[in-house]
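Please look over the sequence and the 3D structure shown below before reading on.

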Amino acid sequence: SIFDGSHEVPPGARRPWRCDQPRAALLCGFFRFFATEFNWGNEVVSVRTGRRLSPTDGEYTELRGRFATRLHVEDPFLACRNLHCALKLEQEGVLYQKLWEAASAMQQGFLPDGLAAIGIAPSTQHEYVYYHGQQQPPPQPPPQPPPPPS
């Protein structure tokens, strides 16, 4: 397999790229996207296509469960496997709530609970947190999340 290092990377996959965004901005953008922009139940997370498409799009004819109003994540190796199968509906709601809480916390200059637990001092958290590529002012307490999508 190409992923175990035993094969040469195909020429078409050798594309130089550069990311000038700080890691904190990328992480904040990840949480913000999935909490506020991604249309849960009506879009598919797909590394294969790299585009925002409806689960009813012809790209996903093999994707199981694509007509359910749930989170859709296409397995990058098995196009028929919808990774929402690993979550019960209640767990999907918890995932959405945690993504929203993390996005809200980072927008306010805080680290999300799970990241704060790794030992970054609270007094320096806001120095490392960016939102839309801009450093944020001193943190304010994050608001309560909205209800998860149904």
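What follows goes from the whole chain to single residues.

This is a predicted model, in which local features need pLDDT of at least 70, side-chain atom pairs count only at pLDDT 80 or more, and totals for chains, interfaces and linings use all residues. Residues are numbered from 1 along each chain as its sequence is written, and side-chain values use heavy atoms, with hydrogens and water left out.

The chain has four helices and four strands. Helices (H or I, at least four residues) and strands (E, at least two) are DSSP runs, numbered from the N terminus. Read from the N terminus on, the order of the elements is α-β-β-α-α-α-β-β. Of the 150 residues of the chain, 29% count as buried. Here buried means under 20% relative accessible area, exposed means over 50%, and partly exposed lies in between (1.4 Å probe, protein chains only). A contact means heavy atoms within 4.5 Å. Among contacts in the chain between residues at least 6 apart in sequence, 45% join residues at least 24 apart.

Next comes confidence. pLDDT is the predictor's confidence in each residue, from 0 to 100. The chain averages 79, and 73% of the residues score at least 70.

Now turn to the aromatic rings. Rings of Phe, Tyr and Trp (its six-membered ring) pair if their centres lie within 6.5 Å; planes under 30 degrees apart count as stacked, over 60 as edge-to-face and the rest as tilted. The structure holds seven aromatic pairs. In one of them, F33 and F38 have ring centres 5.9 Å apart and planes at 50°, so the pair is tilted. F38 also pairs with W40: these centres are 6.4 Å apart and the planes stand at 70°, so this pair is edge-to-face. Both F38 and W40 are buried, and the relative accessible area of F38 is 7%. F33 is partly exposed, at 21%. F30, F31, F33, F34, F38, W40 and Y96 form one aromatic cluster.

Some of these residues also line a pocket. On a 1 Å grid over the protein atoms alone, a pocket is an open set of points with protein on both sides within 12 Å along at least five of seven lines, and lining residues have an atom within 4 Å of a point. The second largest pocket is lined by F33, F34, F38, V44, V45, S46, V47, G50, R51 and R52. The elements that give two or more residues to this lining are α1 (23-37) and β1 (44-45).

A disulfide is a pair of cysteine sulfur atoms within 2.5 Å, and the structure holds zero disulfides. C80 is partly exposed, with a relative accessible area of 27%, and C85 is partly exposed too, at 48%.

Last, consider H84, which lies in the loop between β2 and α2 (89-107). Is H84 buried or exposed? H84 is buried, with a relative accessible area of 8%. Not counting residues up to four places away in sequence, H84 touches G65, R70, L71, H72 and E92.

Key
1 Å grid on protein atoms, 1.4 Å probe; cavity = no way out; pocket = protein on both sides within 12 Å on 5 of 7 lines; lining within 4 Å.
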